[in-house]
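Good morning, and thank you for coming. Please keep the picture in view as we go.

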Amino acid sequence: MNIFSIYLEKIKEFIIDLEKHEQIKISDNLNNLAIELTPKDLQGDISCNAALILSKTNNKKPKDIAEFLKTHLIIKFSEFKNIFIAEPGFLNIEFKDDFWHKFLTDLLNLKEKYGSNSYKKNSYNVEFVSANPTGPLHVGHCRGSILGDVIANLLIFNGNAVTKEYYVNDLGKQIKKFTLSVYYRIIEILHNKEFPKNVDDLYPGENVADIAKKIIDKKLISEFNNFDKIYEKLREISIKESLELIKVNLNSLGIQHDHFVFESQLYKNNEIQDTVEKLKKKDLIYYGKIAAPKYKEEKNWKERKQLLFKSTLYGDDKDRPLQKNDTSWTYFAGDLAYHNNKIDRKFDILINVLGADHTGYIKRINAGVEALSNKKTKLSCKVSQLVKLIKDGKPFKMSKRKGDYITVEDLINEVGRDPVRFIMLSRSNDVELDFDFKKVTEKTKDNPVYYVQYCYARICSVFRNINKDLNEEINFDIKKFHINSYERQIIKKLSEWPKCISISSQRMEPHRIPVYLYELSSLFHSYWNLGKDDFSFRFISDNKPTSLTKLIILKCISYVIKSGMNLIGVNTPNKM
RNA sequence: GGUCCCGUAGUUAAAUGGAUAUAACGGAUCCCUCCUAAGGAUCAGAUGCAGGUUCGAUUCCUGCCGGGAUCACCA
């Protein structure tokens, strides 16, 4: 029920029809045809740029073409009440009230499903978070996590099959250091031997000590004399515990993954060898040297011959190593196997949500997926830029070594889930985001979260005061609804919701949703305040509704707010 | 140096190639006997620079100037 795409098609057909009757010439730029809301302060509901596009090929002034189109459009579409031509040649179409009556009726029937788009359904795999299981999630992980979650929600809302997935890097150097840290903590407890300080890359955090305690208390391992001997088991238990903690963190953000894939599992199933073999058969693997990085700080570069993947054939800047010097697989080799695993699971589209620090990784993994799937599986990587934390008016730098970092748990305790999600989503993910603790916790209109929630709460309060349930049907002959200019503006905004969803999901830009919800709320609050000066604009008098038409508007707003907030995972309290 | 992202009112942002560039904060002035003032109304204020494509550019392309991220046998 996207009136913009509907009329885009209708008017396109209409123009093509005119061409068939040789009344107009069309050119290949007909794809630029666009329908959008008429700007406020101008007459009309929706606007079309047809005349501007057709002007050149027909060698006529846009306004003349507009006049011509206007006369034909008015005849063809009975729902058009009037068409205004505006400089430089826009067609501003005004609908009859009947049209909006039907629109409102449809919206009331669809309820919170309104906005869902019905284009082709696909199966998606959305990989996000995938933080190393070496400690709790911190603020840095938040933005990408929420972004991934909402991209997935959008796809689900539009009727696609979606798997929310987490790739667990439970092998490699970092994990060894992490496991060793757990070991040192155990030794510390059992033998009173202090945890080594000032050793690089160990994990001194509380979470590690907690895991150590748990292992001892539950007697999960009996002997701790030799680290190497118990390494496998210790690693497995530590990762499992660590991942549990991460899941708790994610949960407090309102995020739940459907599926976890472990790097170690790929090793056990021989999937890395298989993947490399697959590439070898395609002649995409060779022994060779890669060029040194050119940046100035790199001084310790040593040239080596190693097993490389020809990612340059697929647009990467250089070929990428699959094996380390000791012949063990690189992280990239494992990730290729992981993506091959995804390809084998026959998703139509893969989505990876990455942090800004992984931008440089995109070309090579794209290359990998193209090569492994013969360009059949689409991979789309979405990057979320950094979050600048501001505390007490100053930038706050996190440092792992000092233990000076803010965890998700801290954040949620201090700020709360709703503001965190809303604010993290409210900017385009291509832009760095200022996250000011003070502003985010403020419970005023300056805080957009509460502004939108307040809109919903106010609507609930109206229905509470007339002892009606928000979902109760209103028996009313909608044809009697005489729409005033304020209501018309709101209805027009409501009509834009499916378009907002469509663009957000196609471009994977969820920030459009909070922005839209804020704008809709703003229209509502203005509408509400009209009742302060003029009683005829009030929704209730003497605990009875002043008019059923106003209730219908409120209901429609509430559905859109509710469904939008559901999508971004923010609550809509009935009362504030 | 290569790659990627960004440059819009004093500040923080918004704008699938559209019209008079949209908001919030901050500044100035108003509105609570009344459905929740966690709200509303009014005013002042902006597209880094130089080209190009286009009927039309904040948006696309090229160059420059600024800010951030990144470069590996780390994940």
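Let me begin with a pair of strands. Strand β11, which covers residues 349-355, is joined to β12 by seven bridges, and the two strands run parallel. Within this pairing, N352 has C381 of β12 opposite. Please bear in mind throughout that the model is predicted.

This pair belongs to a wider arrangement. How many strands form the open sheet, and in what order? There are five, and the order is β7-β6-β5-β11-β12, with parallel pairing. At the edges are β7, residues 259-262, and β12, residues 378-384, each of which pairs on one side only. If direction is ignored, neighbouring strands of this sheet are turned by 25° against each other on average.

Next, the helices that lie across these strands. Helix α5, made of residues 139-157, lies across β5 (123-127), β6 (161-168), β11 and β12. Its direction is at about 155° to that of β6. Helix α11, residues 331-344, also runs at an angle to β6, here about 160°. The strands that α11 lies across are β5, β6, β7 and β11.

Helix α5 has a further partner, helix α14, which comprises residues 417-425. The axes of these two helices come within 10 Å and cross at roughly 80°. Angles of 65 to 115 degrees count as roughly perpendicular, and therefore α5 is described as roughly perpendicular to α14. Which residues make the contact? From α5 they are V139, C142, R143, I146, L147, D149, V150 and N153, and from α14 they are V420, R421, M424 and L425. Sorted by class, this contact of α5 with α14 comprises eight nonpolar residues, three charged and one polar.

Strand β13, residues 387-391, pairs with β15 over four bridges in the parallel sense. In that pairing, L389 stands opposite F435 of β15.

I shall close with some details of the backbone, found in loops. A cis peptide bond, with omega of about -5°, joins E87 and P88. P88 is placed in the loop between β3 (80-86) and β4 (90-95).

Two further residues deserve a look. D41 is a residue other than glycine with a positive phi, near 80°. D41 lies in the loop between β1 (35-37) and β2 (46-48). N59, again a residue other than glycine, has a positive phi near 55°. The loop that holds N59 is between α2 (50-58) and α3 (62-76).

Are D41 and N59 buried or exposed? The cut-off for exposed is over 50% relative accessible area. D41 has a relative accessible area of 77% and is therefore exposed. N59, at 72% relative accessibility, counts as exposed.

Thank you for your attention.

Methods. Residues are numbered from 1 along each chain as its sequence is written. Chains are lettered from A and ligands numbered from 1 in the order in which they are written. This is a predicted model: local features need pLDDT of at least 70, side-chain atom pairs count only at pLDDT 80 or more; totals for chains, interfaces and linings use all residues. Side-chain values use heavy atoms; hydrogens and water are left out. Two strands pair if DSSP finds at least two bridges between them. Axes are lines fitted to C-alpha atoms, for helices over the stretch in contact, and angles run from 0 to 180 degrees between N-to-C directions. Contact means heavy atoms within 4.5 Å. Angles under 35 degrees count as roughly parallel, over 145 as roughly antiparallel, 65 to 115 as roughly perpendicular and the rest as oblique. Ala, Val, Leu, Ile, Met, Phe, Trp, Tyr, Cys and Pro count as nonpolar, Asp, Glu, Lys and Arg as charged, and the others, Gly among them, as polar. Buried means under 20% relative accessible area, exposed over 50%, partly exposed in between (1.4 Å probe, protein chains only).
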